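Thanks for coming. Please have the picture open.

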Protein chains: 2
Amino acid sequence: MEKNQKNERVTEILESAERFIRRGGFNAVSYRDVASDVGIKSSSVHYHFPHKPDLGVAVVERYSEKLLDALGDPSDPNEPVQERIARLGRAYAASLKEDKAICLGCILGAEISGLPQEVSDAVSAFFDRMIDWTELALAGAKGPTADARFILSSLQGAMVLAVTLKKPNHLDQTVRRLVQSLS
Amino acid sequence: MEKNQKNERVTEILESAERFIRRGGFNAVSYRDVASDVGIKSSSVHYHFPHKPDLGVAVVERYSEKLLDALGDPSDPNEPVQERIARLGRAYAASLKEDKAICLGCILGAEISGLPQEVSDAVSAFFDRMIDWTELALAGAKGPTADARFILSSLQGAMVLAVTLKKPNHLDQTVRRLVQSLS
DNA sequence: AAATACCTATCTATCAGTAGATAGATAAGC
DNA sequence: GCTTATCTATCTACTGATAGATAGGTATTT
């Protein structure tokens, strides 16, 4: 019971911090804002995450688990390659529409050189895991865009453009282009 | 003479602010840091840019001019479409290598929803101008990736991945893929 | 030409607000 | 009685911002 309660509170903190980060980057989250968002005092947030990088790393790791869970198996033999990549694209698109914010990896990747070392390491690890997933999903697919890094970075860039120009469809169009040129 | 001196000082301030922003976003630049970087007092920075959004807008507008100047004419009839897009790609790649930081539009686009209105408007305008340039450069080109928004967002995403994974080559590879699939 | 007034760019000094962080008290659960 | 999770209270450092002084240049007036 107490373990659940702790976890619930910790989860609330991480969800709040994720929202702030995805809105304005790592510097846009503060212990005070998260605390008042969750309904506790800032010192209580420090209890769970003594230093800010601890909080950042936890947010990234939780996000990483969540996203890879949602993506599921990259190498289901009953699924054509196009459908796998379309699934990846839909995951990003859903995240953009539901949370009305870009992907966490996107914003933290953009400001990577201004992040504390531990956080930037966590972000790199997240990217590596996403690349691994996408490479498995591609599984020998051919085409000018059949490259895990290319697909991922194009999707991430598409999210940035989509929010900047307030054109959420741009992400969907990008997914379509990437999928169509696979074979 | 005095006009030149003013402009030089303002330029120093803008260059310093751009460096800070491209490292860690809009919140990573402070009047004090810029001032000590330039060798003046923070109040002198306030003299030239009373409020922080003023500074942000000026940095974006200066960057926009610089980049579009460097890009030159998008519709030179003596130049094939592939070469025009390759030129765009080289501009980004050069900026990444020289400054060892991602594009300003990239980082500010990523944190757009956390920016002051005036700055976010300036960033949108910058993107619009880049799209205009690229649409002119494409001039009826065909191919699965022959779309201004797609090319630009892919390039920007590629910069993020390149700095995050410390693989500067990823940007060059992306440019090659984008150019090759044009016809 | 001299005197006056204004403008520019900087300085010093200071402000209220917020940042991350810590110490110590308190209460509940096992 | 120890652990967990919270609180109150506080600290130092830094944030953007402002007021007021100063020195040097420019323009206007006499």
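A:Glu79 has a relative accessibility of 13%, so A:Glu79 counts as buried, the cut-off being under 20%. Before I go on, please keep in mind that this is a predicted model. In the chain, A:Glu79 sits in the loop between helix H4, residues 52-71, and helix H5, residues 81-99, of chain A.

What does A:Glu79 touch, if we leave out residues up to four places away in sequence? The answer is A:Arg84 and A:Arg87. With A:Arg87 there is a polar contact between the side chains, at 2.8 Å. That pair also meets in a salt bridge, again 2.8 Å from N to O. As a general point, side chains of opposite charge can pair when their charged atoms come close. Are the two partners, A:Glu79 and A:Arg87, buried or exposed? Both A:Glu79 and A:Arg87 are buried.

Now look at the other chain. B:Glu79 forms a salt bridge with B:Arg87, and their closest N and O atoms are 2.8 Å apart. B:Glu79 and B:Arg87 are buried as well. Back in chain A, there is also a network, in which salt bridges that share partners join A:Glu15, A:Glu18, A:Arg22, A:Arg62, A:Lys66 and A:Asp99.

How many salt bridges are there over all chains? The count comes to 24. A:Glu12 forms a salt bridge with A:Arg9, with 3.2 Å between the closest N and O atoms. Both of these residues, A:Glu12 and A:Arg9, lie in helix H1, residues 2-24, of chain A. They are 3 residues apart, which is about one turn of the helix. A:Glu12 has a relative accessible area of 33%, so it is partly exposed. A:Arg9, at 30% relative accessibility, also counts as partly exposed. Compare that with A:Glu79 and A:Arg87, which are both buried.

Next, how the chains are arranged. A rotation of 180 degrees, with 0.0 Å of shift along its axis, superposes chain A on chain B, and the RMSD is 0.0 Å. That is the relation of a two-fold axis. Both copies use the same surface, as 100% of the contact residues of chain A recur in chain B.

How much area do chain A and chain B bury between them? About 3300 Å², of which 64% is on carbon and sulfur atoms. On the chain A side, the residues that lose the most area to chain B are A:Phe150, A:Thr164 and A:Arg177. Together those residues account for 17% of what that side buries. In terms of contacts, 40 residues of chain A meet 40 residues of chain B.

One of the salt bridges in the model joins A:Asp147 to B:Arg177, with the closest N and O atoms 3.4 Å apart.

Which helices of chain A each supply at least two residues of the side that touches chain B? They are H1, helix H6 (104-110), helix H7 (117-138), helix H8 (148-164) and helix H9 (169-180). The largest share, 10 residues, comes from H8 of chain A. By type, the residues on this side of chain A divide into 18 nonpolar, 14 polar and 8 charged.

Last, two points about the backbone. In general, most residues other than glycine have a negative phi. A:Lys100 is not a glycine, yet it has a positive phi of about 50 degrees. A:Lys100 lies in the loop between H5 and H6 of chain A. With a relative accessible area of 65%, A:Lys100 is exposed.

The other case is A:Ala139, with a positive phi of about 40 degrees, and this residue is not a glycine either. Where does A:Ala139 lie? A:Ala139 is in the loop between H7 and H8 of chain A. At 51% relative accessibility, A:Ala139 counts as exposed, because the cut-off for exposed is over 50%.

That is the end of my talk.

Conventions
Residues are numbered from 1 along each chain as its sequence is written. Chains are lettered from A and ligands numbered from 1 in the order in which they are written. This is a predicted model: local features need pLDDT of at least 70, side-chain atom pairs count only at pLDDT 80 or more; totals for chains, interfaces and linings use all residues. Side-chain values use heavy atoms; hydrogens and water are left out. Copies are superposed by least squares on the C-alpha atoms of residues with pLDDT of at least 70 in both. Contact means heavy atoms within 4.5 Å. Helices (H or I, at least four residues) and strands (E, at least two) are DSSP runs, numbered from the N terminus. Buried means under 20% relative accessible area, exposed over 50%, partly exposed in between (1.4 Å probe, protein chains only). A polar contact is a pair of N or O atoms within 3.5 Å; within protein, one must be able to donate a hydrogen and the other to accept it, and residues adjacent in sequence count only if both atoms are side-chain atoms. A salt bridge is a side-chain nitrogen of Lys or Arg within 4 Å of a carboxyl oxygen of Asp or Glu. Buried area is the accessible area (1.4 Å probe) that two parts lose on being put together, summed over both. Ala, Val, Leu, Ile, Met, Phe, Trp, Tyr, Cys and Pro count as nonpolar, Asp, Glu, Lys and Arg as charged, and the others, Gly among them, as polar.
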